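Welcome! Open your viewer, get ready to select residues by number, and follow along one stop at a time.

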Amino acid sequence: MCGIVGYTGKKQVDQILLDGLKTLEYRGYDSAGIAVLDNNKIKIIKKEGRVDRLIEETKISDTTGTCGIAHTRWATHGKPSDENSHPHFNHSKNFAVIHNGIIENYQSIKASLIDDGYIFSSETDSEVVAHLLERDFDGDLFNTVRNVAMQLEGAYAIAVVSTHEPDKIIAVRQETPMIIGVSQGENILASDLSAIVNHTNTFYRLDNGEMAVLTPSDTTAYNLDTGKRIVKEMLTIDWDISQAKRGGYDHFMRKEIAEQHEVIENALRGRLFDDGQVRLTELENIKDKLINARRIHLIACGTSYHAGLVGKYIIEDLLRISVETDVASEYRYRNPILTEEDVLVVISQSGETADTLAALRLAKERNAPVIGIVNSVNSSIAVECDSVIYLNAGPEIGVASTKAYISQLLVLNILALYLASIRDVKVEDITEIAKDLLSLNSLAKKLLSEDVVIKEIAEHIKDHNSCFFIGRLIDSAVALEGALKLKEISYIHAEAKEAGELKHGTLALVEKGTPIVSLMTEVSVSDKMYSNIMEVKARGGHIILLTNDQEATSELADDLIVIPKIHRYVTPVLSVIPLQLLSYYTAIIRGNDPDKPRNLAKSVTVE
Ligand code: F6R
């Protein structure tokens, strides 16, 4: 939440900052702003709304300079407005600050600053930093930023520029991400790699309790507590900028859905072989613990949680070991039964989700081994886990997660097969599962090319206020994901229910024409599902049937989506694709921007 970027070098900084903000906009789009140093003055331009509004504003302003910082905001404290936008100034306008995170003790700091006569121009928690810098300035920018940071509680990635040392940026990180890109004659910082990959492929990652000083010729990291210099490991970005661009598609979401067949290959490569052998060298270090684990906890948020629900069905079914799946925001606070004999698996695309990170830390306190299923390389979750299985899906920019979900499903399948192999569980249909996993790439490609029918269905649901998704067993978990996708980008109320639960309440909401997306791929309960669909149909529900029954006809369905029949563990990878497309096209028809749904942001670094 919130994207930050900073640059110091020889080039004109305004365009670099604006380009950086464009790539980080998925982290928040309530407002955007830049601060540029020029002739011992700081110029701030900031605007409520999208980065494009800021770009228009900068066209009519003078933003000459080679050092600056910029911010795109997801509002937490204070509504979206010009005043609440970052960067924030102190009274004398010689410090400018950007902040991602929440300063939890800002109210007491603000009260003491007001007592000292400081006047606030925003409702944000972040503005306290600017005034603290002025109040506590001791003639040395680094010392002052450090002293100020030590007064802050909560989560923050902060960057400061000042007229006192005009080509310098000082950054501090506590809990929210900060990457430092290193180059010749210029250095750049950002919330994530997408904003620096244009400038350099060498970077280091600030960890909690660390600071960095950037000048055009140097960047040095320090420990916040001791103020001592530390040596950081230099890392290399191994994807190219084209992966973070739209590549001819109207939206990142559509591109990311289209990329899914490649994503399938990337998730399986080197991990699954034709004969059903699996290799997860990533887990060697905790193999003994996995062999003896009593229980597995799959913990995540949102779409990643929905992948975890599918994982529960697969792992329990295959291994007959108890699996608990929970949302991280509940799990972390409910004192779960979690011991060193359990294994925690955290699932996260961004690797930065605050609640998921907290669940990970809870497991470490309790000496339980932690596996991360993560997309963003070197993200906080990836770094703190005992072992990490990367999704290898490439950057996911659309706020609604699509390709990462598919990769998570695949990795969970591989994890289940790996656990079976090391725990000597015989999997009768192993070759069938492997064959189907390996055939997914071409099946997905074919499914993706048949989106005409989905566009028609989107026309049928676009004017409804409510839509229901029903299914049984694994289908019920995929139904949850279908409903989340639809609601978050089309703004149509969407609710998923286990089909057997319908008549315990939800059926009361079904009236003539209500769209009911009915997933029927679970053969063992298809008769039950058939009856549930008939019950809804009898109440006038408009049935959108998603099935792998190749004989299915429009007798049961008002709209029909037929997907290939493959092993039930693998089926969700295919069944979710039409649901993702359905949400995408419905959002488009309703005139929404699917990449930037209202009130949401990618990478939820606040709880
Ligand atoms: C929905 C969506 C979110 C994320 C959730 C967790 O489309 O993208 O529900 O899945 O915020 O994010 P990660 O996976 O980054 O931890």
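**Before you start**

This is a predicted model, in which local features need pLDDT of at least 70 and side-chain atom pairs count only at pLDDT 80 or more, while totals for chains, interfaces and linings use all residues. Residues are numbered from 1 along each chain as its sequence is written, and side-chain values use heavy atoms, with hydrogens and water left out.

**Stop 1: the domains**

Colour residues 3-247 as domain 1, 255-444 as domain 2 and 450-589 as domain 3. These bounds come from an automatic or database domain assignment. Taken over C-alpha atoms, the centres of domain 1 and domain 3 are 45 Å apart.

**Stop 2: the ligand**

Where does the ligand lie relative to domain 2 and domain 3? It lies between them, because both domains give residues to the shell around it. Select that shell: 15 residues surround the ligand, and the closest are Ser304, Ser348, Ser350, Thr353 and Glu488.

- Select threonine 353: an N or O atom of its side chain is 2.4 Å from an oxygen atom of the ligand.
- Select glutamate 488: one of its polar side-chain atoms is 2.5 Å from a ligand oxygen.
- Select threonine 303: here a polar backbone atom is 3.1 Å from an oxygen of the ligand.

How much of the ligand does the protein bury? Alone, the ligand exposes 410 Å², and the protein buries 87% of that; these areas come from the Shrake-Rupley method with a 1.4 Å probe, and for residues only the protein chains shown count as cover.

Show helix H9 (302-319) and helix H16 (474-490), the elements that give two or more residues to the shell. Helices (H or I, at least four residues) and strands (E, at least two) are DSSP runs, numbered from the N terminus.

**Stop 3: the cavities**

How many cavities of 30 Å³ or more does a search of the whole structure find? There are 2. A cavity is a set of points, on a 1 Å grid over the protein atoms alone, where a 1.4 Å probe fits but cannot get out; lining residues have an atom within 4 Å of a point. Points are joined across faces, edges and corners, and the volume is the space filled by probe spheres set on them.

The largest cavity holds about 80 Å³. Its lining includes Cys2, Trp74, His86 and Asp125.

**Stop 4: two backbone details**

Select proline 87, in the loop between strand S4 (67-73) and strand S5 (88-89). The peptide bond from histidine 86 to proline 87 is cis, with omega near 0 degrees.

Finish at asparagine 39, in the loop between strand S2 (31-38) and strand S3 (41-48). Asparagine 39 has a phi near 50 degrees, a positive value in a residue other than glycine.

Conventions
A residue is near a molecule or strand if one of its heavy atoms lies within 4 Å of it. A polar contact is a pair of N or O atoms within 3.5 Å; within protein, one must be able to donate a hydrogen and the other to accept it, and residues adjacent in sequence count only if both atoms are side-chain atoms. On a 1 Å grid over the protein atoms alone, a cavity is a set of points where a 1.4 Å probe fits but cannot get out, and a pocket is an open set with protein on both sides within 12 Å along at least five of seven lines; lining residues have an atom within 4 Å of a point.
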